[in-house]
Amino acid sequence: AEGLEWKYVDFSALPDRPVERDPDPNRNYNSEELNWVSEKWGIPTDASIAETQKAFYSDLFGVLREGKTPPITVESVCRQIEVIERCHAGGLNSSQKV
């Protein structure tokens with residue numbers, strides 16, 4: 001697939017319908033025509049952006065469906081967060097290791 005397509009109903013564009021409290025004598029159900037809105041998103045034509053996105057989702061597919069190791073591990077993210085928190089707290093002294 002080279003993009004996404006989705007459909008939805010814009011309920012704000014529908015006319016107000018009064019509440020009918022009495023049953024219909026013919027046991028008919030209310031119905032109305034719904035106008036579906038279709039939108040599409042395509043992969044950008046800029047090769048660098050498209051290739052980056054394609055690589056990201058290929059890696060994600062490999063992790064989720066093929067059991068591959070993620071290119072960015074939870075441990076590496078935790079380490080980055082620790083470094084950022086220490087920087088915000090006033091930095092490291094020379095005897096500390098990250």
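Lys-68 is exposed, with a relative accessible area of 52%; exposed means over 50%, buried under 20% and partly exposed in between (1.4 Å probe, protein chains only). This is a predicted model, in which local features need pLDDT of at least 70 and side-chain atom pairs count only at pLDDT 80 or more, while totals for chains, interfaces and linings use all residues. Residues are numbered from 1 along each chain as its sequence is written, and side-chain values use heavy atoms, with hydrogens and water left out.

**Overall build**

- The chain has 2 helices and 2 strands. Helices (H or I, at least four residues) and strands (E, at least two) are DSSP runs, numbered from the N terminus.
- The order from the N terminus is β-β-α-α.
- The chain has 98 residues, and 3% of them count as buried.
- Contact means heavy atoms within 4.5 Å. Take the contacts between residues at least 6 apart in sequence: 54% of them join residues at least 24 apart.
- Accessible areas come from the Shrake-Rupley method with a 1.4 Å probe; for residues, only the protein chains shown count as cover.

**Salt bridges**

- Side chains of opposite charge can pair when their charged atoms come close.
- The rule for a salt bridge is a side-chain nitrogen of Lys or Arg within 4 Å of a carboxyl oxygen of Asp or Glu. By this rule the count is 3.
- Glu-32 and Arg-17 form a salt bridge through their side chains, at 2.0 Å from N to O. This pair links distant parts of the chain, 15 residues apart. Glu-32 and Arg-17 each sit in the loop between β1 and β2 (36–42).
- Glu-32 is partly exposed, at 38% relative accessible area. Arg-17 is partly exposed too, at 42%.
- Lys-68 has Glu-66 as its salt-bridge partner, at 3.4 Å from N to O. Glu-66 is partly exposed, with a relative accessible area of 47%.
- Arg-86 pairs with Glu-82 in a salt bridge, with the closest N and O atoms 3.0 Å apart. Both residues lie in helix α2 (residues 74–89). Their spacing is 4 residues, about one turn of the helix.
- Arg-86 is partly exposed at 25% relative accessibility, and Glu-82 is partly exposed at 33%.

**Nonpolar surface patch**

- Patches are made of residues with over 30% relative accessible area and no salt bridge: like charges are joined within 9 Å, nonpolar side chains (Val, Leu, Ile, Met, Phe, Trp, Tyr) within 5 Å.
- Leu-4, Trp-6, Tyr-8, Trp-41 and Ile-43 make up a nonpolar patch on the surface. Together they have about 470 Å² of accessible area.
- Which element gives the most to the nonpolar patch? Strand β1 (residues 3–9) does, with 3 residues.
- Tyr-8 is located in strand β1. Its relative accessibility is 32%, so Tyr-8 counts as partly exposed.

**Aromatic pair**

- A pair of aromatic rings is described by the distance of the centres and the angle of the planes.
- Rings of Phe, Tyr and Trp (its six-membered ring) pair if their centres lie within 6.5 Å; planes under 30 degrees apart count as stacked, over 60 as edge-to-face and the rest as tilted.
- The structure holds 1 aromatic pair. Phe-56 and Tyr-57 form it edge-to-face, at 4.9 Å centre to centre and 85° between the planes.
- Phe-56 is partly exposed, with 48% relative accessible area. Tyr-57 is exposed, with 53%.

**Cysteines**

- A disulfide is a covalent bond between the sulfur atoms of two cysteines. Here a disulfide is a pair of cysteine sulfur atoms within 2.5 Å.
- How many disulfides does a search of the whole structure find? The search finds 0.
- Cys-78 is partly exposed, at 45% relative accessibility. Cys-87 is exposed, at 54%.

**Backbone at Arg-27**

- Arg-27 has a positive phi of about 60°, although it is not a glycine.
- Where is Arg-27 found? Arg-27 is in the loop between β1 and β2.
- Arg-27 is exposed, with 71% relative accessibility.
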